[in-house]
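Colleague: Could you take me through the contact between the two chains?

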Number of protein chains: 2
Amino acid sequence: VSEGDLIGRIASLVGTRAGVLLGIGDDAAVLGGDGPWVVAHDMLVQDVHFRWSTCSPADVGHKALAVNLSDLAAMGATPVAVLVGLALPPDGPGGDDVAAMYDSMEALAAATGCSVVGGDVSAAAQTVLGVTVLGRPAPGVAPVTRAGARPGDLVAVTGALGASEAGRRILEDPPLASGLPAAAALAAAHRRPRPRLREGAALAAAGVRAMLDCSDGLAVDLDRLARASGVRAVLDLGRVPVAPGVAHLAARRGEDPAVAAATGGEDYELIVAAPAAVLEASGVALTVVGHVEAGAPGVAARRDGAPAPLGRLGWEHGVG
Amino acid sequence: VSEGDLIGRIASLVGTRAGVLLGIGDDAAVLGGDGPWVVAHDMLVQDVHFRWSTCSPADVGHKALAVNLSDLAAMGATPVAVLVGLALPPDGPGGDDVAAMYDSMEALAAATGCSVVGGDVSAAAQTVLGVTVLGRPAPGVAPVTRAGARPGDLVAVTGALGASEAGRRILEDPPLASGLPAAAALAAAHRRPRPRLREGAALAAAGVRAMLDCSDGLAVDLDRLARASGVRAVLDLGRVPVAPGVAHLAARRGEDPAVAAATGGEDYELIVAAPAAVLEASGVALTVVGHVEAGAPGVAARRDGAPAPLGRLGWEHGVG
């Protein structure tokens with residue numbers, strides 16, 4: 001497939017939505033509307049962030065866009081436009097696989113109201129998807145950084161944690177799934193994460209002080225939020241919402257389910273710090289997992305009020 | 001080097017300029033100001049677009065940003081912000097090489113008034129730089145697409161052509177440089193292209209009808225402009241400005257210098273179509289190389305009024 005043919009096929013697969021004045025096909029795309037704009041870029045690299053043995057082209061397309069949309073969600077922004085840089089090795093994915101990738105990105109773009117407006121394709125030794133997303137907060141709402149947490153704030157998360165990492169383990173070692181009713185949901189959590197855009201926008205509008213998406217695990221990401229804010233975040237392991245199936249899998253490996261949930265990555269849930277009344281006012285379903293206090297910046301885990309070990313904190317999202 | 005350390009080092013190397021409300025370090029960057037915004041993304045892949053044997057990390061950093069800025073120049077936009085996705089193989093570039101890459105990008109960003117505001121780093125099998133640029137046209141000036149050329153327009157280019165491809169050949173085959181006074185300039189043209197931002201903005205403000213940057217060679221890119229505009233572009237080979245040294249090198253290979261200049265890629269000069277008075281009013285130094293007429297969309301080359309062969313038209317930018 002020539003570069004020109006591939007770009008033509010890609011252009012035919014994507015739609016153009018509000019805010020896009022000029023989409024795929026020129027030197028650059030053109031977006032209308034006033035600022036501020038929120039922009040982010042994340043890559044998915046074959047054999048680093050995903051394996052073809054456990055993820056389909058459609059999974060990878062979805063995930064590459066989803067992890068970027070999650071960064072916009074964590075700022076409270078709504079996505080407008082997407083640029084995709086796609087590098088492809090000679091042994092595939094082929095044209096139909098690329099189409100499946102874009103179909104899947106396009107489905108997520110349509111579901112979240114944004115448009116793929118451009119990008120680049122290239123040869124490479126392995127598949128690399130570099131996705132850039134551009135979005136905006138609602139009028140009058142400031143983008144939420146990770147740096148605003150203050151002593152007295154509560155720390156809360158959307159959803160339940162640990163599903164993606166459990167799913168990754170099951171996909172890499174299928175016998176782990178035997179007798180585990182949640183296995184399919186765990187695999188789906190790993191392959192097709194859902195960015196929390198609606199929740200992020202509602203939390204930003206309610207005025208949360210700090211927000212971050214949970215890409216490398218609650219413990220690591222809450223540590224980032226605490227350090228950026230110059231505060232100590234206390235994580236109560238007994239309150240961590242553990243996704244269905246995670247406890248079962250952790251038990252088989254002799255792990256603490258709460259630690260597994262707090263240190264598994266790629267859940268793409270949101271972590272927020274805010275006064276209780278702000279969390280309440282957001283209308284978003286949240287689980288309070290800790291609080292913010294003055295002290296040496298960073299995260300401290302406790303269980304039943306006593307310091308608790310978290311184990312390996314240095315997780316970075318990837319295939320392990 | 002850990003991902004966190006590398007990101008910290010990168011953040012220390014880049015500055016923040018006008019229009020950036022929040023730079024590197026959060027989930028996303030935030031840009032202020034009204035639209036329209038012009039956005040583009042291009043990748044540079046090791047052994048596809050460059051080789052370490054002929055380009056330094058500083059060259060590659062410069063070039064990855066320059067080729068993207070050239071896309072903004074071709075729309076008439078001025079750059080504001082840059083996102084960089086950098087994938088690195090285990091055998092290097094190392095931390096100092098990455099710093100050299102970013103120093104070089106930062107120098108070009110400073111020279112052109114834009115800021116590196118974010119991105120991603122990852123492991124990979126080869127070095128991949130995926131750069132996204134965001135810019136804006138001057139107030140009241142519309143971004144210039146490649147689709148507006150009309151019969152009667154002249155076709156003109158900035159600068160002289162063929163230097164980058166000649167430089168690539170010299171770098172790949174150093175004996176070619178012997179007795180060639182322009183050799184160093186040709187190599188520099190390949191390693192450190194200069195995006196024509198000032199010229200692009202002036203041409204857009206003057207009201208050129210179509211504009212495109214010359215990344216794959218004048219013949220290929222003018223063909224794109226003509227097809228996008230639904231017109232025939234006539235390229236007069238006798239008027240193609242041939243960069244110093246290109247004729248000498250072409251003669252050694254038994255090639256027509258004008259064909260070499262019109263089919264070599266990566267010059268990143270601008271190609272414009274506009275009435276003569278508009279070109280004149282822009283104040284930009286240009287060489288008229290042809291004109292636009294009605295007819296089957298595409299490019300037709302002539303010499304002294306007679307049809308002339310262009311040879312290989314299918315060049316796509318890369319190491320050959």
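**Chain B against chain A**

Colleague: How many residue pairs are in polar contact between chain B and chain A?

Modeller: Nine, with both residues at pLDDT 80 or more; a polar contact is a pair of N or O atoms within 3.5 Å, one able to donate a hydrogen and the other to accept it, and sequence neighbours count only if both atoms are side-chain atoms. The model is predicted, so local features need pLDDT of at least 70 and side-chain atom pairs 80 or more, while totals for chains, interfaces and linings use all residues, and side-chain values use heavy atoms, without hydrogens and water. Residues are numbered from 1 along each chain as written, with chains lettered from A and ligands numbered from 1 in written order.

Colleague: And how many salt bridges?

Modeller: Zero between chain B and chain A, counting a Lys or Arg side-chain nitrogen within 4 Å of an Asp or Glu carboxyl oxygen.

Colleague: Which element gives the most to chain B's side?

Modeller: S3(B), with eight residues; strands are DSSP E runs of at least two residues, numbered from the N terminus.

Colleague: Where does strand S3 of chain A pair?

Modeller: Three bridges join S3 (residues 37-45) of chain A to S2(B), running antiparallel; pairing requires at least two DSSP bridges. A:Val39 stands opposite B:Ala29 in S2(B).

Methods:
Helices (H or I, at least four residues) and strands (E, at least two) are DSSP runs, numbered from the N terminus.
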